[in-house]
Amino acid sequence: AVEPLGNRVSFVVMGTDSRHATVQRSDDVLMLARVDVNLDPNNTAASVVSIPRDSWVDVPQHGPNRVSAAYGYGGATLLVKTVEQLTKARIDHFAIIDFAGFQDMVNAVGGIDLGANHLDGRAALDYVSFGSNAPAGYADRLGRQQNALRALLDKAASSGLLADPIKLFRLLERAR
């Protein structure tokens, strides 16, 4: 059987706290997300991995440093180059999402489903932000952030947003 035509799209997603928008660092969230978009929206898959901001990596032309330093040294271009070198994966897009943008994006797709729970933007933001008192702390929060981003990408892909450039642009505008 011939498999349906598909497209693999990868993103580096940097989450930032909008209260610190003038600071050029990646705050808590740096993720590599991949979406396999097929002609059949029911056959779309998303995967997400976190890159802890304090991971020591080789930042091109700057040597060993924290991965979060790449953005401060050279903006999105250097951060993407650093992640590509680290992961050996081609990166197609870069996005910065602040708290309000994440909430707006979740609302724009009609909410996300995490297990048996359907979350609107506010509830999804609460879900990804909770963590300082969580049993596993930072690691637990990274897992929740991965789950939420994967659910958002799955919802966007299954509703056809990723295959329609105009709808995708409107969704990404909400990221801020």
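Tutor: A salt bridge here is a side-chain nitrogen of Lys or Arg within 4 Å of a carboxyl oxygen of Asp or Glu. The model is predicted.

Student: How many salt bridges does the count come to?
Tutor: Each bridge has to meet the limit of 4 Å between nitrogen and oxygen. By that rule, the number of salt bridges is five.

Student: Which side chain does R66 meet in a salt bridge, at 3.4 Å from N to O?
Tutor: R66 belongs to strand β5, and its partner sits 12 residues away, in the loop between β3 and β4. The pair thus links distant parts of the chain. At 3.4 Å from N to O, the partner of R66 is D54.

Student: Are R66 and D54 buried, partly exposed or exposed?
Tutor: Buried means under 20% relative accessible area and exposed means over 50%, with partly exposed in between. R66 has 35%, and D54 has 41%. Because both values fall between the two limits, R66 and D54 are each partly exposed.

Student: Which residue in β5 is the bridge partner of W56?
Tutor: Strand β4 covers residues 56–59 and strand β5 covers residues 63–66. The two run antiparallel and are joined by four bridges. In β5, the partner of W56 is R66.

Student: Which residue in the turn of the β4 and β5 hairpin has a positive phi?
Tutor: Three residues lie between the two strands of this hairpin. With a phi of about 65°, the residue in question is Q61.

Student: Over the ring of which residue does the charged end of R144 sit?
Tutor: R144 also takes part in the salt bridge with D140. Its charged end is 6.0 Å from the centre of a ring, and that ring belongs to Y127.

Student: Is the aromatic pair of Y71 and F94 stacked, tilted or edge-to-face?
Tutor: A search of the whole structure finds one aromatic pair. The centres of Y71 and F94 are 6.1 Å apart, with 20° between the planes. Planes under 30 degrees apart meet the cut-off, so the pair of Y71 and F94 is stacked.

Student: How many residues apart in sequence are the parts that Y71 and F94 tie together?
Tutor: Y71 is in helix α1 (residues 69–87), while F94 is in strand β6 (residues 93–98). Y71 is buried at 13% relative accessible area, and F94 is partly exposed at 26%. The separation in sequence is 23 residues.

Student: Which element gives the most to the largest nonpolar core?
Tutor: This core has 30 residues, and V35, F102, V109, I112, L149, L152 and L153 touch the most other members. Elements that each supply at least two residues include β1, β2, α2 and α4. With seven residues, the leading contributor is α4.

Notes. Residues numbered from 1 in each chain as written. Predicted model: local features only at pLDDT ≥ 70, side-chain atom pairs only at ≥ 80, totals over all residues. Heavy atoms only, no water. Core = buried A, V, L, I, M, F, W, Y, C linked by side-chain atoms within 4.5 Å. Buried < 20%, exposed > 50% of the residue type's maximum accessible area, 1.4 Å probe, protein only. Pairing = 2+ DSSP bridges. Phe/Tyr/Trp six-rings, centres within 6.5 Å; stacked < 30°, edge-to-face > 60°. Lys NZ or Arg CZ within 6 Å of the ring centre and 35° of its normal.
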